[in-house]
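The sequence and the model are shown first, and the notes follow.

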Amino acid sequence: MLRSLAIAGAILLVATGCTSAPGPKPIAQMEHVHSVAADGGNFYLASHHGIYKGSDEGWNLVGEEFDAMGLTIDKGVFYASGHPGPGQNFPNPLGILESRDNGNTWTPKTFTGEVDFHLLEVSGDAMVGLAANYGVVVGSQDGAVTWSNIATPSLTSLSLNPNDGLQFLLTSEGFLYLTEDSGLSLTEIDAPSGLIKVDWYDDGIIVATDSKIYRSPDLGMPFLEISQSFRGIRDVAASGANIIVLDEQGAHVSADNGKVFSLLP
């Protein structure tokens, strides 16, 4: 069980708190937007009061209200962690929840009542996540049946190869690292400096500093700067030609690989 896992290293954690009424709203009225996700042409925010789906009119709550952490989407299946909402009968913390109807309903998958994953990545049967209440990074290669500690440096983000669950990228102290053996060894990747976020998706890799994002079609190929600048980037995600960037101003979305961004209300 995870209770017996030892601390794997210093980890940067995300704090949560506060309450407010859920419902459709502009992003400026939301409390604690933790992360973003993209699935095809749809964009999602994981917040203190649930998961919201973007539209030209704003952000609409999807499904149940809960403190959603670690939102990730793999082949149309949603995964999240965090803390239960007022209408949920789940133990606290949530462990890993799974949704097969785009976030409308959720089913406990593993670690229910044990783990709060602030970062979570899924690729097929492979899972890796930051168990925030234990201060460890853990991984599974068999669909969450068995887990092991993954020793990492202090990290700010991680992302699994969508086609090979043994590989993932992580950002640490401004640098980008690759593991090809589920964390047993790390190799620094040639990339821009000052990186804080990474997302590895089917069509490439997106990395971000505080103000800029860069895209590469594959490992071993250069990262090209996307022209638009941002202010205080908090998270990035991509799916196909669609990119979402969360910064101090809100959620910027692009449907053309970052050539043009618009700010969703």
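The model described here is predicted. Strand β1 spans residues 33-39 and is mostly covered, with six of its seven residues buried. Its partner is strand β2 (residues 42-47), which runs antiparallel to β1 and is joined to it by six bridges. One of the paired positions is A37, whose bridge partner in β2 is Y44.

Together β1 and β2 make a hairpin, with two residues between the strands. In the turn, G40 has a positive phi of about 60°.

In soluble globular proteins, nonpolar side chains tend to be buried together. The largest nonpolar core in this model has 15 residues, of which I27, M30, L45, W59 and I244 touch the most other members. Two or more residues of this core come from each of β1, β2, β22 (242-247) and β23 (250-254). The most, three residues, come from β1.

What does I27 touch, leaving aside residues up to four places away in sequence? The contacts of I27 are V33, L45, W59, L246, G250, A251, L264 and P265.

## Salt bridges

Side chains of opposite charge can pair when their charged atoms come close. The structure holds five salt bridges, and E98, R100 and K109 are linked in a network of them. The side chains of E98 and R100 meet at 3.2 Å, N to O. The other bridge to describe here is that of K109 with E98, where the closest N and O atoms are 3.6 Å apart. This pair links distant parts of the chain, K109 being in strand β8 (residues 107-110) and E98 in strand β7 (residues 96-99), 11 residues apart.

Which of these side chains are buried and which exposed? E98 has a relative accessible area of 16%, so it falls under the 20% limit and is buried. R100 counts as exposed because its relative accessibility is 62%, which is over 50%. K109 is partly exposed, with a relative accessible area of 33%.

A further salt bridge joins R231 to E248, with 3.5 Å between the closest N and O atoms. The pair links distant parts of the chain: R231 lies in the loop between β20 (224-225) and β21 (235-239), E248 lies in the loop between β22 and β23, and they are 17 residues apart. R231 is partly exposed at 48% relative accessible area, and E248 is also partly exposed, at 49%.

## The largest pocket

Rolling a probe the size of a water molecule over the atoms shows where empty space is left. How much space lies in the largest pocket? The volume is about 970 Å³. The lining of the largest pocket is made of 47 residues, and those nearest its centre are V36, L71, T72, E121 and D199.

The elements that each give two or more residues to this lining are β1, β5 (67-74), β9 (117-123), β13 (157-161), β17 (197-201) and β21. Which element gives the most to the lining? That element is β1, with seven residues.

How values were computed
Residues are numbered from 1 along each chain as its sequence is written. This is a predicted model: local features need pLDDT of at least 70, side-chain atom pairs count only at pLDDT 80 or more; totals for chains, interfaces and linings use all residues. Side-chain values use heavy atoms; hydrogens and water are left out. Buried means under 20% relative accessible area, exposed over 50%, partly exposed in between (1.4 Å probe, protein chains only). Helices (H or I, at least four residues) and strands (E, at least two) are DSSP runs, numbered from the N terminus. Two strands pair if DSSP finds at least two bridges between them. A nonpolar core is a set of buried Ala, Val, Leu, Ile, Met, Phe, Trp, Tyr and Cys residues joined through side-chain atoms within 4.5 Å. Contact means heavy atoms within 4.5 Å. A salt bridge is a side-chain nitrogen of Lys or Arg within 4 Å of a carboxyl oxygen of Asp or Glu. On a 1 Å grid over the protein atoms alone, a cavity is a set of points where a 1.4 Å probe fits but cannot get out, and a pocket is an open set with protein on both sides within 12 Å along at least five of seven lines; lining residues have an atom within 4 Å of a point. Grid points are joined across faces, edges and corners, and a volume is the space filled by probe spheres set on the points.
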